[in-house]
Amino acid sequence: MDYQFKKIEQDWQKFWADNQTFKADNNSDKPKYYVLDMFPYPSGAGLHVGHPLGYIASDIFSRYKRLKGFNVLHPMGYDSFGLPAEQYAIQTGQHPAITTETNIATYRRQLDQLGFSFDWSREVRTSSPDYYKWTQWIFMQLFNSWYNKDADKAESIAKLVAHFDQNGSAGVNAVCDEEVASFTADEWKAKTNEEQQAELLKYRLTYLRESTVNWCPALGTVLANDEVKDGFSERGGFPVEQKKMNQWSMRISAYAERLLQGLNNIDWPEPLKEMQRNWIGKSTGASVRFPLADASVDYIEVFTTRVDTIFGVTFVVLAPEHELVAELTTPEQKQGIEAYITQTKKKSELDRMSDTKTVSGAFTGSYVTNPLNGEKIQIWIADYVLAGYGTGAVMAVPSGDQRDYLFAKHFNLPIVPIIDIQNIETEADPTKEGKYINSDFINGLDYKNATATVVAKLEELGLGKAKINYRMRDAIFGRQRYWGEPVPVYFKDDLPHLISEAELPLLLPEVDKYLPTESGEPPLGRATDWKHPDGEYELSTMPGWAGSSWYWYRYMDAHNANEFASKDAIAYWKDVDLYIGGSEHATGHLLYSRFWNKFMKDLDLVVEEEPFKKLINQGMIQGRSNFVYRLVDAEGRGTNTFVSNGLKGDHKTSALHVDVNIVDNDVLNIEKFKAWREEYADAEFILENGKYICGVEVEKMSKSKFNVVNPDDLVERYGADTLRMYEMFLGPLEQSKPWNTNGIEGVFKFLRKFWKLFHNNDWEFNVSDTEPSKAELKALHKIIRKVEEDVERFSFNTSVSSFMIAVNELTDLKCNKRAILRELVVVLSPYAPHICEELWVLLGNPAGSLSHTAYPKYNASYMIEDDFSYPISINGKTKTNLNIALSMDPAAVEAYVREHADVQKYLAGAPIKKVIVVKGRIVNIVI
RNA sequence: GCUCAGAUGGUGGAACUGGUAGACACGCAGGACUUAAAAUCCUGUGCCCUCAACAGGCGUGCGGGUUCGAUUCCCGCUCUGAGUACCA
């Protein structure tokens, strides 16, 4: 029979499903291996050809690991809460659960037809109550925990209460809100329950905070920093403004140092680790207090990384939002300050970020004193100081900091050099070399000693100390949206209380509309009869990252009704050995997941500190758009004539996107084009060489650009095995590249040629049991080793080439030997599982046994050659090749080459200075 | 601006620790089979010079360097892509 991919693929997909071939067992003598894909959000558009790239890679890896004797866990599920379904619900009134269900069905069909070896019995959906019950449960654990810096881990809030009962707040070293109270044990016990709860909320790992949030009026929701791009929402591109709001937050900052250190112990791409490091933004420095004379507080606290430059401070700058601004403004300066604040508020959204060149600011009229030399220093406000970082105040050292320098020049403030080799003619010089001058007791010291001396002095005075600052802020954990997990909290007397575990899951209630209420409350405010017996439910829902921050544990034990996953299951699977997904989740999902994992480790709920041992980023598949060029007449109107790309220079034209599916190798199919749109039915064409050549551009893959390629079409035309191999053949997995269907024929031809090895000219199955030849064994063992090496280093594209070479070689050898072909089927099966299963059965093996058979053993002895065709080069330029026995030692090779007639010819009598012989590699003659 | 990644034929890409640059595939050109087309098969294909060559020259973004030998290592630059955005 000819290679009938359609029938073969359908049959085997059915077989795998019916027999649960890829069901993973939680008990096994085999070593475990956990391969995870980032689960998709099931969007209405379905999969395009870029989505499966990572899934194909992980599937090849999983199938390979099974052949290598591992018990492989390779699950799949859906991150099914999210905005698009809700947006659709707002427009159509259809419940997001229904949209989601439909979309999941499409995704499932598309995934199934690619022949993935997922264990579907473990499927999870973040929007299913069975699942989000446990998301809510983890939220409750966070609420019931605080971060003990002495133990450097999260601990139960009950333990903190016990400490307060015994010792009051003394001796508590916690990551908490800034304005926690100090109290004795007696004072604590004297507090009302409400007062105690209010105080404890300042310690909990999930807590309420009055915070400035990115509010997007058009979406009616709050966005995380990474969902805002240049003042507009990443999704939809709507304007975003700052708004004060009481929000649930996660104290991720407690884990900043551990999140940073943990990066050293995981095998992730360096650029991605770098992104997380930047995001965490650790900086080592000191906090310094600048005493104030007549104010309600004694000092202004600043953070600096260059405390050694403190004698160069000539002014102090506060962020316009700093809480002391109003108080420090003298009556004479009031007008100026207020005008400046109004001005910065107005431009805050876009301009404040893009406009970093213009210097602006205003003088408050007040002064602080330098803590070390008592000098009187002006206090200014300026928007180059950010309220959200450090203390919202900086000590300005114009000689060492370029921003301070520009500010000082602009407002005519003094600039004092503090290091002898500093050059501050035209700009600040932040050097750390040289000796200090104008710096009192550190004059003459070097950077290291100066810093230590200054910190010691400040500590002695009680006016400063060494400090480490992190840029990473606590994560806001609430959305004013419908389609997300309800927060398991109700409010009584304005205080949040957890619902009881028995009440989980707190189900998402039905609402009449998916919009905010008239009074501006979130959509959940519309739910009737949705009330806790003791108070009002929280109306926010959890953000998109909640459900995805722990899902890999649910796969370990997906149907457990009593726990998020059993202790046994977690003890067996431990962590994810290989995680494949896009780098766009670098600072979102991948950071939050590590945070939750560390928290769960602290509570002994899980066993590993880091969830994802090895991570691979698959590159983005971009779109490759095709264009036609419409002739434009003298009046600038478009005509119905189209010019081929090579000739468009001679005409006035306008470029139009054309559907890439009616273009083949950049040649427009004119008949299909005429049928594409009614208006083109009688279009005319100016051709080159009888063809219409389209223009090409790489853009994002999107419907509006007509460059979306649907995997369904390709599976229909070539089959899943071809598509799987072609996606790998396209190039290195980690590289981004435009999709181009040109070339898929080559892979298809390869599979037909592979099929042909097993068949005679009448397409009858025909293999022979004769002993394989040396050449055949060599071809086989070459590919056995090559695939091993390639898969282990995730170089799937090179394997595909090697398969082609192997099949080409065996075809040339007219090899149909069972001993060879049987092994070849096993080696190819991770890449092209359907065709291999079919041939495996034709070879007489039991159906379905291929997936768990053993990968063939590489035998190096088949690779040994007697001689080698040495490239002979002269001064590094290859001139010819000579066949020389590999048994010959370098000296003998040299002698042989020196005497050889061909070499003499190239030398043309020139004297040989030196001959380099690398055995089995090369001979280089230097003249 | 800063950080990171990358640049190889007409195209996607290969060359793993410095050792034959362009594997494999697409495309293109020519041929076989066919009434014809599709499919299939064969041959050629980095560029330049040349009637042609198993004759020569040039070739891995650009300019230098190290080396017997550099796509690979070092220094400087250009361009492209991604992330980040006054972080004190």
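# Chain A and RNA strand B: a predicted model

In chain A, 69% of the contacts with a separation of 6 or more are between residues 24 or more positions apart. The model is predicted. Chain A has 927 residues, of which 39% count as buried. Its secondary structure consists of 28 helices and 35 strands, and its C-alpha trace spans about 100 × 85 × 75 Å along the principal axes.

## The surface near RNA strand B

RNA strand B is surrounded by 60 residues. The closest of them are Pro271, Gly731, Gly746, Pro871 and Gly876. By class, the surface near RNA strand B holds 18 nonpolar, 26 polar and 16 charged residues. Helix H24, residues 796-812, supplies the largest share of this surface, with 6 residues.

One of the closest residues, Gly731, comes just after helix H21 and has a positive phi of about 155°.

The buried stretch includes the charged-type side chains Asp721, Arg724 and Glu727, along with Leu723, Met725, Tyr726, Met728 and Phe729. Among the elements that cover these buried residues are helix H1 (5-19), helix H2 (52-67), helix H22 (744-757) and helix H26 (833-842). H20 and H24 also take part in covering the buried residues of H21.

| Helix pair | Angle between axes | Axis separation |
|---|---|---|
| H20 and H21 | about 120° | 7 Å |
| H2 and H21 | roughly 100° | within 10 Å |

At about 120°, H20 and H21 are oblique to each other. On the H20 side the contact is made by Pro711, Leu714, Val715 and Tyr718, and on the H21 side by Ala720, Thr722 and Leu723. This contact of H20 with H21 has 6 nonpolar residues, 1 polar residue and no charged residues.

H2 and H21 cross at roughly 100° and are therefore roughly perpendicular to each other, since angles of 65 to 115 degrees count as such. Here Pro52, Leu53 and Ile56 of H2 meet Arg724, Glu727 and Met728 of H21. The contact of H2 with H21 divides into 4 nonpolar, no polar and 2 charged residues.

## From strand S30 to helix H20

Strand S30 spans residues 695-699, and a loop joins S30 to helix H20 (711-718). Three residues of this region are described in turn.

Glu697 is located in strand S30. Glu697 counts as partly exposed because 14 C-beta neighbours lie inside 10 Å. Leaving aside neighbours within four places in sequence, Glu697 is in contact with Ser625 and Phe627. The C-alpha atom of Glu697 is also 9.4 Å from that of Pro738, 41 residues away along the chain.

Lys703 lies in the loop between S30 and H20. An unreviewed UniProt entry places the feature "binding site" at Lys703. Lys703 has 9 C-beta neighbours inside 10 Å and so counts as exposed.

Glu716 is in helix H20. With 11 C-beta neighbours inside 10 Å, Glu716 also counts as exposed. Glu716 and Phe5 are 711 residues apart in sequence, yet their C-alpha atoms are 9.4 Å apart in space.

## Backbone exceptions

Most residues other than glycine have a negative phi, and most peptide bonds are trans. The following residues depart from that pattern.

Asn438 is not a glycine but has a positive phi of about 50°. Asn438 sits in the loop between helix H14 (402-411) and helix H15 (447-461), and is partly exposed, with 13 other C-beta atoms within 10 Å.

Phe794, again not a glycine, has a positive phi of about 60°. Phe794 is in the loop between helix H23 (774-792) and H24, the helix with the largest share of the surface near RNA strand B. Phe794 is partly exposed, with 19 other C-beta atoms within 10 Å; the cut-off for a buried residue is 20 or more.

The peptide bond from Leu504 to Pro505 is cis, with omega near -10°. Pro505 belongs to the loop between strand S20 (495-498) and strand S21 (536-537).

Conventions. Residues numbered from 1 in each chain as written. Chains lettered and ligands numbered in written order. Predicted model: local features only at pLDDT ≥ 70, side-chain atom pairs only at ≥ 80, totals over all residues. UniProt positions renumbered as here; feature names shortened; annotations may be inferred. Helix = DSSP H or I, 4+ residues; strand = E, 2+ residues; numbered from the N terminus. Buried ≥ 20, exposed ≤ 12 C-beta atoms within 10 Å, placed from the backbone. Near = placed C-beta within 6 Å. Contact = placed C-beta atoms within 7 Å. Axes fitted to C-alpha atoms, helices over the stretch in contact; angles between N-to-C directions. Parallel < 35°, antiparallel > 145°, perpendicular 65-115°, else oblique.
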